[in-house]
Amino acid sequence: MELMVVTLIIGFLLSLLALVPRFIKSDQTKKVHSDANSKVSKAYNKAEVSLHSKRTDCWIIIKDKVYDVTPYVEEHPGGDAILAHAGGDSTEGFFGPQHATRVFDMIDDFYIGELEK
């Protein structure tokens, strides 16, 4: 009888160990998304964006939104192609056939503001 109780307790504890990381991960994901959505949006004009056209300081415009992709330049699978429109409008290249759908989720991490009209 004692063996059965001990086995049940151990089984319960092991199942908790398997579930706890999932709960922690989902809470962290919600926190990241809520932080990203609470960013204060700043407006930039084309002249301001054009000043950021280098490998070490790279901003791009996609559909009237401004992104600072500087941290991603060295990781870009297409190499220096990301620099072709640095400091300018990259909408056409961004929506090209070379990009996998995951790039549409990734770009939000680099959002810094809107383009002034």
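**Entry 1: starting at the sheet**

I began with strands E2 and E3 (residues 57–62), which run antiparallel and are joined by 2 bridges. This is a predicted model, so I kept that in mind from the start. Within this pairing I looked up Lys 54, and its bridge partner in E3 is Asp 57.

Next I moved on to E3 and E4, which are also antiparallel, with 4 bridges joining them. Here I found Ile 60 standing opposite Tyr 67 in E4. The hairpin of E3 and E4 has 2 residues between the strands, and in it Lys 63 takes a positive phi near 50 degrees. I made a note to come back to Lys 63.

Then I checked E4 against E5: 3 bridges, antiparallel again. Lys 65 has Glu 114 as its bridge partner in E5.

What is the order of the strands in the whole sheet? I read it as E1-E5-E4-E3-E2, an open sheet of 5 strands with mixed pairing. Strand E1 (42–44) and strand E2 (53–54) stand at the edges; each has a single partner strand, so one side of each is left without a neighbour in the sheet. A reminder to myself: strands of a sheet pair through backbone hydrogen bonds, either parallel or antiparallel.

**Entry 2: Glu 114**

I stayed with Glu 114, which sits in strand E5 (residues 111–115). Is Glu 114 buried, partly exposed or exposed? Its relative accessible area is 31%, so I wrote it down as partly exposed, since buried would need under 20% and exposed over 50%.

I then listed its contacts, leaving out residues up to four places away in sequence: Glu 114 touches Ser 41, Lys 42, Ala 43, Tyr 44, Asp 64, Lys 65 and Val 66. The C-alpha atoms of Glu 114 and Ala 43 are 4.8 Å apart, although 71 residues separate the two along the chain.

**Entry 3: the aromatic rings**

How many aromatic pairs does the structure hold? I found 6. I picked out Phe 94 and Phe 104, an edge-to-face pair with 5.4 Å centre to centre and 85 degrees between the planes. Phe 94 lies in helix H3 (residues 91–94) and Phe 104 in helix H4 (residues 102–106), so this pair ties together parts that are 10 residues apart in sequence.

Phe 104 also pairs with Phe 95: the ring centres are 5.6 Å apart and the planes stand at 20 degrees, so I logged this pair as stacked. Together, Phe 94, Phe 95 and Phe 104 form one aromatic cluster.

I looked at accessibility for each ring in the cluster. Phe 94 is buried, at 8% relative accessible area. Phe 104 is partly exposed at 32%, and Phe 95 is partly exposed at 40%.

Now back to Lys 63, as promised. Lys 63, from the hairpin of E3 and E4, lies over the face of Phe 95, at 5.0 Å from the ring centre.

**Entry 4: His 76**

Where is His 76 found? I located it in the loop between strand E4 (65–68) and H3. His 76 counts as buried, because its relative accessibility is 15% and the cut-off is under 20%. Setting aside residues up to four places away in sequence, I found His 76 touching Ala 81, Ile 82 and His 99.

**Entry 5: stepping back to the whole chain**

Along the sequence they follow the pattern α-β-α-β-β-β-α-α-β.

For the overall numbers, I noted that buried residues make up 24% of the 117 residues. The chain exposes about 8700 Å², and carbon and sulfur atoms supply 63% of that area. Among contacts with a separation of 6 or more, 68% are between residues 24 or more positions apart.

The average pLDDT of the protein chain is 80, and 73% of the residues score at least 70. Which stretch stays under 50? I marked residues 22–37, for which the model has 0 contacts beyond four places in sequence. Where pLDDT is low, the predicted coordinates should not be read in detail.

Notes:
Residues are numbered from 1 along each chain as its sequence is written. This is a predicted model: local features need pLDDT of at least 70, side-chain atom pairs count only at pLDDT 80 or more; totals for chains, interfaces and linings use all residues. Side-chain values use heavy atoms; hydrogens and water are left out. Buried means under 20% relative accessible area, exposed over 50%, partly exposed in between (1.4 Å probe, protein chains only). Contact means heavy atoms within 4.5 Å. Rings of Phe, Tyr and Trp (its six-membered ring) pair if their centres lie within 6.5 Å; planes under 30 degrees apart count as stacked, over 60 as edge-to-face and the rest as tilted. A charge sits over a ring if NZ of Lys or CZ of Arg is within 6 Å of the ring centre and within 35 degrees of the ring normal. Two strands pair if DSSP finds at least two bridges between them. Accessible areas come from the Shrake-Rupley method with a 1.4 Å probe; for residues, only the protein chains shown count as cover. pLDDT is the predictor's confidence in each residue, from 0 to 100.
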